[in-house]
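Dear colleague,

I am passing on the structure below, with a few notes on what was found in it. Please look through it before reading on.

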Amino acid sequence: MVSRVIPVDDFDLVIFGGTGDLARRKILPGLFRRFCAGQMPADARIIGAARSEMDSDGFRTLVRDAIIEFGGDDLSSRRELPDFLLQLHYVTTDARGDGGWKELAAQMRSGVVRAFYLSVGPGLFADIAERLTSFGLADAASRIVVEKPFGRDLETARALNHDLAKHFDESQIYRIDHYLGKETVQNLMAVRFGNILFEPLWNSQYIDHIQITVAETVGVGGRGGYYDKSGAMRDMVQNHLMQLLCLIAMEPPSKFDPDAVRDEKLKVIRALDDVETHHIVRGQYSAHGDMKSYRQDVENERSFTESFIALKLQLSNWRWAGTPFYLRTGKRMKARSSEITVVFKDPPHSIFGDEGGQHHNELSIQLQPNEGMTLDVTIKEPGPGGMRLVDVPLDMTFADALGPEADDVPDAYERLIMDVIRGNQTLFMRGDEVEAAWSWTDPLIEKWQARSDVPKPYDIGSNGPEDALMLMHRDGRRWRDIKG
Ligand code: NDP
Ligand code: BG6
């Protein structure tokens, strides 16, 4: 199989916060990978903008070091690196003042795509959007990319939408949720809507329940200050898990186009029921050996913020009424594993009687690592002795099925940035979608705040607190094992 790389149009990409952690770890190494893949036009320019005083040579050194540190040996040893660095420029710019803006405007070319990536805290979005227009950098065809968190509740998200809308049309705003850029997340749509096999069964008549797990082994890292004000609900559920839920639960869009897809996702979010208190389990990891507890990591011994959350959700619509969705995500868990499992109902009648036992099909979609799909099917246990049944997996690990090219796919950020240059908003969140997600999230958070809920402790390296297991056990169900 030969992967096709379609070069994008010529562009000027300004990265506000080009010296920051996200830019160095993800955005710039990702752009270099696209350069190596031959997707970046020879004249395209990447312009770093931040307050730090440096010239373009200084920025090139910073980017080269970042590629060496975060890009891995394969990437940093690529012979294309010097040529890529020549496409980089830097302008010292203060988002809150006037310094640098005229020089930045003078750098911009006309007749090429202009994209502005705001890899800065959301507190700077409004300042930058305003100056982009007042200094004449942005035109009607320009694109602005904004990072998460997009607000911390409905009110702040609305204010951000309002601030951006003063200067940009919705068709110019690209709200990043990097989960939408992951290969297997897009595969969810391909599996559901590219096959006739699944869709007729994709409803509450045939599906018992759906599980979504995003387990991480990392802790809060150096982002304790931010995380302790957010917690797993705001940091992961409101955006990443919500997007996964939307893709698994939405109606088939009429076509794969930005508004058709986003309209359907929005309907899912709006169909979410309020969550009952006993369907929410929050947890915090405890210290283990020389590994610090959550509270030690965030340096807040009185923190009640959750580093783990499990939820049982219901959707009120024709397709899903009666089929629960169980979601869980947490840090410092047993393994890094993101997986969606669709558990089908038992056949209505077993012709094999008691001997056959109870069996059902499970479709498990492994998002990361080891992207792939497994479908558990029931067969006869081999050998004599009657009709005993056993479940076996039809295993399709994409790397095995597709060969080395399955490993050679762009990472989420690379793909999403190329989509910005192409002007394709399908994998970005629309303003009303983000607001709807907060409208559902806010009352849940208020609920546990009102009763001063204390997160349950869980061991580092575990599946999360015991109560999360009980959330399913009470319903006669169980979580799928977390395997890395
Ligand atoms: P950092 O603090 O590492 O970087 C912030 C960047 O903004 C720096 O380049 C800084 O440079 C620049 N900056 C700060 N103030 C100004 C200003 N007044 N004018 C111009 N530039 C300014 O943050 P991150 O890179 O970690 O995060 C950036 C955004 O991405 C945040 O919204 C974060 O929530 C989001 N994000 C980050 C992730 C990550 O893993 N890091 C993951 C997901 C989202 P200087 O000080 O030189 O001005
Ligand atoms: C980020 C969260 O959006 O996603 C982090 O802020 C989290 O807390 C990260 O660790 C997980 O992303 P990935 O791609 O490693 O699953």
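Is alanine 23 buried or exposed? Alanine 23 counts as buried because its relative accessible area is 0%, where buried means under 20% relative accessible area, exposed over 50% and partly exposed in between (1.4 Å probe, protein chains only). This is a predicted model, in which local features need pLDDT of at least 70 and side-chain atom pairs count only at pLDDT 80 or more, while totals for chains, interfaces and linings use all residues. Residues are numbered from 1 along each chain as its sequence is written, chains are lettered from A and ligands numbered from 1 in the order in which they are written, and side-chain values use heavy atoms, with hydrogens and water left out.

Alanine 23 lies in helix α1, as does leucine 22, the helix covering residues 21-36 (helices, H or I of at least four residues, and strands, E of at least two, are DSSP runs numbered from the N terminus). Leaving aside residues up to four places away in sequence, alanine 23 touches Ile15, Gly17, Gly18, Leu28, Pro29 and Ser119, contact meaning heavy atoms within 4.5 Å. With neighbours within four places likewise set aside, the contacts of leucine 22 are Ile27, Tyr117, Ser119, Glu147 and Tyr413.

Elsewhere, an open sheet of nine strands with mixed pairing runs in the order β14-β13-β12-β11-β7-β10-β9-β8-β15, two strands being paired if DSSP finds at least two bridges between them. Its edge strands, each pairing on one side only, are β14 (389-397) and β15 (456-458). Strands β7 (residues 207-215) and β10 (residues 325-330) run parallel and are joined by six bridges, and glutamine 211 stands opposite tyrosine 326 in β10.

Best wishes
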